[in-house]
Amino acid sequence: MRMEWSDLRIFLAIAKEGSLSAAARQLGQSQATVGRRLRALQEAIGQQLFLRTDDGFALTDEGAAVLPRAERIEGETLALQRE
């Protein structure tokens, strides 16, 4: 399975918002789609990125390691769009 940039955007939204529903609202997508794309990303990289908690979603150690890379990719993508 291959990784999609749009799945990294979903990962970043969940990390920032702390829940699937809030990430879905931010992205203008359904909660089901956000959950499905998160599962696809986790399968593509072979790591669980979040733990479900009573308060929402928390990054695992693996997710915390992916976060700065995903943020760099997002930054580069946004820079290209601005040029």
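Predicted model: local features only at pLDDT ≥ 70, side-chain atom pairs only at ≥ 80, totals over all residues.
**Entry 1: H1 against H3**

I looked up how helix H1 (residues 5–17) sits against helix H3 (residues 31–45). They pack at an angle of about 110°, and their axes are 9 Å apart. That angle makes H1 roughly perpendicular to H3, because angles of 65 to 115 degrees count as such. The crossing of H1 and H3 is left-handed.

Next I listed the residues that make the contact. H1 brings Asp7, Leu8, Ile10, Phe11 and Ile14. H3 brings Val34, Arg37, Leu38, Ala40 and Leu41. I sorted them by type: eight are nonpolar, two are charged and none is polar.

**Entry 2: the core**

I then turned to the largest nonpolar core, which has 19 residues. Which residues have the most contacts inside it? They are Phe11, Ile14, Val34 and Phe50. H1, helix H2 (20–27), H3 and helix H4 (61–82) each give two or more residues to this core. H1 supplies the largest share, six residues. In soluble globular proteins, nonpolar side chains tend to be buried together.

I picked out Ile14 and checked its neighbours. Leaving out residues up to four places away in sequence, Ile14 touches Ser19, Leu20, Ala23, Val34, Leu38, Phe50 and Phe57.

**Entry 3: Thr60**

I found Thr60 in the loop between strand E2 (56–59) and H4. Is Thr60 buried or exposed? Its relative accessible area is 9%, so Thr60 is buried; the cut-off is under 20%. Again leaving out residues up to four places away in sequence, Thr60 touches Gln48, Leu49, Phe50 and Leu51.

Technical notes. Residues numbered from 1 in each chain as written. Heavy atoms only, no water. Axes fitted to C-alpha atoms, helices over the stretch in contact; angles between N-to-C directions. Helix = DSSP H or I, 4+ residues; strand = E, 2+ residues; numbered from the N terminus. Parallel < 35°, antiparallel > 145°, perpendicular 65-115°, else oblique. Left-handed = near helix turned anticlockwise from the far one by under 90°. Contact = heavy atoms within 4.5 Å. Nonpolar A, V, L, I, M, F, W, Y, C, P; charged D, E, K, R; others polar. Core = buried A, V, L, I, M, F, W, Y, C linked by side-chain atoms within 4.5 Å. Buried < 20%, exposed > 50% of the residue type's maximum accessible area, 1.4 Å probe, protein only.
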